[in-house]
Amino acid sequence: MDLPQPRTWLLGLHRPRIQRTGRNRVHLGNPRVRRKLTAHPAPHISAKENVMSNVTVIGLGIMGLPMAINLVKAGHSVTGFNRSQDKIDALIAEGGQGATSIADAVKEADVVITMVPDSPDVEGVVSGPEGLFANAKQGTLWIDASSIRPDVAKRLADDAKAAGIRALDAPVSGGEQGAITAALSIMVGGEAAAFEAAQDVLNAVGKTIVHVGPAGSGQTVKAANQLIVAVNIQVLGEAVAFLEAYGVDTDAALKVLGGGLAGSKVLDQKGQKMLDRDFTPGFRLALHHKDMGIVTSAAREANVSLPLGALAAQLVAATVNQGDGGLDHSGLFKQTLQLSGRK
């Protein structure tokens, strides 16, 4: 799928000056603007003023449900909506509330978080007479934590502004475990004022929270993240297959590799899954397939060559097309084993 006019959003990713503002929050400033950036503590704000009490989470899946639960634990009043009632019931059991429709879920919300699979799903949530834009209060802060096309994120941010809604594209990285432990890395695109207003909510679900530029920039950075992760998973799978072929103690091998330059979060989180052939999904291959389509299309529009990324995208596609889209993305290892004639 081709993306129109990539410069609209790609040029927002400049080489930054960095300004730290506490708890791993970073602003990336434009070096073209000649002003002095100084570190300073956040101004004192009372707890009452600092907490946005009514938060709605739409999409209570592998990532959305634990994020919603962490918002409850942080003291927010959390309402959830999902297509399946069992997920809503799970949130209610943790102290949240449930809604019967998107319109019902957003009508009293100060903040709305969407965590759904793809660009059309986000558009379906926000658009139309029953959508977020038509039913949320003026000034509501909408945080889209989904991973979608950057150009779609930019267009929907413009639509939100026209509807009186403040918008941030804030995709996350860290997988299911990061969502459970509130340790997600969150890359945020949108206006700086909206980013500041979102701090209490973002701090409840993430650890490293970075404002990377204007609308659409968060999704561009997430596409780069998915490129790096896919290539890392593929090469880790190749290394494991290589070690197994030589009868090496693979547990010991991964331990020592993890302590050296080859170490990575991918190795830490996915290596044992490959050894155990346990591909219970933390992030499904079908979603990574979608994300690789985003990054390869965007790279083509920007005339950027991604030789390793293109190969990884093809291997992910092949694995999904063979019926394994519901597996964790570490299940890409199955394709490596098949190509090697191994079980």
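**Helices α6 and α8**

Analyst: In this predicted model, the axes of helix α6 (residues 119-126) and helix α8 (residues 150-162) come within 10 Å and cross at roughly 10°.

User: Why are α6 and α8 called roughly parallel to each other?

Analyst: Angles under 35 degrees count as roughly parallel. The axes of α6 and α8 cross at roughly 10°, and the two helices are therefore roughly parallel to each other.

User: Which residues of α6 and α8 meet?

Analyst: Ser-119, Val-122, Glu-123 and Val-126 in α6 meet Val-152, Arg-155 and Leu-156 in α8. By class, this contact has 4 nonpolar, 1 polar and 2 charged residues.

User: How do you know where the buried residues of α6 lie around the helix?

Analyst: The buried residues of α6 are Ser-119, Val-122, Val-125 and Val-126. Seen down the axis of α6, they fall within an arc of 125°, so they line one face of the helix. The face turned away from that buried side carries the exposed residues Pro-120 and Gly-124.

User: What do the buried residues of α6 pack against?

Analyst: Their partners are β3 (54-58), α5 (102-106), β6 (111-114), α7 (132-135), β7 (141-144) and α8. Just after α6, Gly-128 takes a positive phi of about 85°.

User: How do you know that the span of α15 is close to the one expected?

Analyst: Helix α15 has 17 residues, and 24 Å is expected at 1.5 Å a residue. From its first C-alpha to its last, α15 reaches 24 Å, which is close to that expected value.

User: Which residues of α15 are buried?

Analyst: Among them are Leu-285, Leu-287, Met-292, Ile-294 and Val-295. The buried residues of α15 also include His-288, Lys-290 and Asp-291.

User: What makes Asn-303 count as exposed?

Analyst: A residue is exposed when its relative accessible area is over 50%. Asn-303 has a relative accessible area of 74% and is therefore exposed. Asn-303 lies in the loop between α15 and α16 (307-324), and has a positive phi of about 60° although it is not a glycine.

User: Why is Arg-277 called partly exposed?

Analyst: Buried means under 20% relative accessible area and exposed means over 50%, with partly exposed in between. The relative accessible area of Arg-277 is 35%, so Arg-277 is partly exposed. Its place is in the loop between α14 (265-276) and α15 (285-301). Arg-277 is not a glycine, although its phi is positive, at about 55°.

Note on methods. Residues numbered from 1 in each chain as written. Predicted model: local features only at pLDDT ≥ 70, side-chain atom pairs only at ≥ 80, totals over all residues. Heavy atoms only, no water. Axes fitted to C-alpha atoms, helices over the stretch in contact; angles between N-to-C directions. Helix = DSSP H or I, 4+ residues; strand = E, 2+ residues; numbered from the N terminus. Parallel < 35°, antiparallel > 145°, perpendicular 65-115°, else oblique. Contact = heavy atoms within 4.5 Å. Nonpolar A, V, L, I, M, F, W, Y, C, P; charged D, E, K, R; others polar. Buried < 20%, exposed > 50% of the residue type's maximum accessible area, 1.4 Å probe, protein only. Expected span 1.5 Å × (residues − 1). Arc of directions from axis to C-beta.
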